[in-house]
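Here is a guided look at one protein chain, written for someone new to reading structures. Keep the 3D view open and turn it as you go.

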Amino acid sequence: MANTNNLTVVSGKAPAIVDPLTGSTNPNTAQILNVTGQGEVTVPTTLTEVQLGIQVDGKTETEVQEKTAQRSTAVVDVLQKLGAQQLQTTSIQLNPVYNDTQTLTGFTELNTLQFELPTARAGAAIDTAIQAGANLIQNISFTPSDQALQQARLQVLSEAVKDAQAQAGAVFSTLNLTPGKIIDININSADNPSPSPLVFNVAEKAARIATTPIIGSPQTIEGSVSLDIAYSPNSAATLASATHNLTGASKPAPAIVDPLTGRTNPNTAQILNVTGQGEVTVPTTLTEVQLGIQVDGKTETEVQEKTAQRSTAVVDVLQKLGAQQLQTTSIQLNPVYNDTQTLTGFTELNTLQFELPTARAGAAIDTAIQAGANLIQNISFTPSDQALQQARLQVLSEAVKDAQAQAGAVFNTLKLTPGKIIDININSADNPSPSPLVFNVADKAFATGTRTPLIGGTQTIEGSVSLDIAYSPNSAGTLDLALNGLQRSA
């Protein structure tokens, strides 16, 4: 198998390539494989960015401004004492209020503050700020630290290079080609991701909503590196074997005879372009689950306290079960009205997402429901990262073999001799999305003992490889045969 692990340490020149059409060595002509490797690293978010609003309504501008200033000062004081970072005012809005007849009835002012804290302390800080006078939660988002982001970006590049080497290795090995030096390197690293927002009703008044535990979601850093790698067959005679010895030729292909002039033209090459397809089925061994804790009640305080208690219990059991990628994905607090639009109460929904091996996911869901979860919002299956990577490389090998088989069928039928592989293009597919499990997402899920076991399905990984293969007829007189005697039949 061609060794691509040391591609970057080749210090000599790429080996001279023997032109199968002329039999001569042309040191200035190099075959190049262009391959792009993908890197992906998941980094935990440890910081929470929060936007809180202090909204005041009143009859006069002076009254509204004075109350807003007092409450804003109190909120700023408590946030500074809590060590809030990047504390800043992001907007101040003072607007008149009119009734249906366009009569001025008063004024409303909104002062928005933004700050950042470690996620483990953010929930309590939001709660304290609300007690001090904030009454709107306008935005909550999660982000990694700058140091973690930088480390992840460098790790992504390393992973992308390794992926490019692995893809090149799969192709070179299957084609029996020898890699030369790396001609060109392009780093296509992605920008740092935007903070991951927490979904909730931004317009709702916030009354101790932060007592519900907040768990930051991880972020995925992606990047790619493209390599142009010179290559040559292992010897001047091995190219035929690289296409499955299609014509049985064991020597360099002869120069091509132009059928229109009868003259040999060593500078003109005929090219077969063929694209092979690869497909590999890989089992899904991981399950991603979204569970909801939904509570109804008469007052906001009642609903939020019950939601917080049950959410804390669910988080505790999931952490004890070793749930991975555990995160809060949404917090929603909504008023409930009857048919006459009379307020009858409130409902709150806290959504948690986690990942576990499929063999353990069913029991984990059952335990979480017993602890207080009462909605199953989504279940999907995915292979492990290792299984996906192995499948992607196997797909490339299968695609090369398919391209060889197609080329063999054409060359044998047309009595043509394959020459060198002029160009190789790897068209690997992206990793597939998780496979969802179909069920009624609105149904409440109550524990009734052992749950129906979850069995993950399979996912199909696809990819293709395109080859440009030079060729020539076996002799000057075989071109008529390649046309299948069409002139005689005419």
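Predicted model: local features only at pLDDT ≥ 70, side-chain atom pairs only at ≥ 80, totals over all residues.

Residues are numbered from 1 along each chain as its sequence is written, and side-chain values use heavy atoms, with hydrogens and water left out.

## The whole chain

The protein chain has nine helices and 19 strands. Helices (H or I, at least four residues) and strands (E, at least two) are DSSP runs, numbered from the N terminus. Of its 490 residues, 43% count as buried. Buried means under 20% relative accessible area, exposed over 50%, and partly exposed in between, with a 1.4 Å probe and protein chains only.

Contact means heavy atoms within 4.5 Å. Among contacts between residues at least 6 apart in sequence, 87% join residues at least 24 apart.

## Two nonpolar cores

A nonpolar core is a set of buried Ala, Val, Leu, Ile, Met, Phe, Trp, Tyr and Cys residues joined through side-chain atoms within 4.5 Å. The largest one here has 32 residues, and those with the most contacts inside it are Leu33, Val35, Leu175, Ile421, Ile424 and Leu467. Elements giving two or more residues to this core include strand 3 (31-43), helix 3 (146-175), strand 17 (416-428) and strand 19 (458-473). Helix 3 gives the most, with eight residues.

Which residues does Ile424 touch, leaving aside its neighbours within four places in sequence? Among them are Leu33, Val171, Leu175, Tyr231 and Leu467. Apart from this core lies another, of 26 residues, including Ile215, Val314, Leu333 and Ala368.

Strands of a sheet pair through backbone hydrogen bonds, either parallel or antiparallel. Two strands count as paired if DSSP finds at least two bridges between them. Five strands form an open sheet here, in the order 5-6-4-7-9, with antiparallel pairing. Strand 5 (85-98) and strand 9 (196-197) stand at the edges with a single partner strand each, so one side of each has no neighbour in the sheet.

Strand 4 (residues 47-58) and strand 6 (residues 104-118) pair over 12 bridges; Val56 has Glu109 in strand 6 as its bridge partner. Helix 2 (residues 119-132) packs on the sheet, touching strand 4, strand 6 and strand 7 (136-143). Seven bridges join strand 4 to strand 7, with Leu47 partnered by Thr143. Strand 7 is mostly covered, as six of its eight residues are buried. Strand 7 also pairs with strand 9 over two bridges, and the partner of Phe142 there is Ser196.

## A hairpin

Strand 14 (residues 324-337) and strand 15 (residues 343-357) pair in the antiparallel sense over 11 bridges. Pro335 has Phe346 in strand 15 as its bridge partner. Five residues lie between the two strands of this hairpin, where Gln341 takes a positive phi near 65 degrees.

## After helix 7, and a serine to find

Just after helix 7, Lys415 takes a positive phi of about 55 degrees.

Now look for Ser464, which is found in strand 19. Is Ser464 buried or exposed? Ser464 is buried, because its relative accessible area is 10%. Leaving aside its neighbours within four places in sequence, Ser464 is in contact with residues including Thr275, Gln277, Ala399 and Asn425.

Key:
Axes fitted to C-alpha atoms, helices over the stretch in contact; angles between N-to-C directions.
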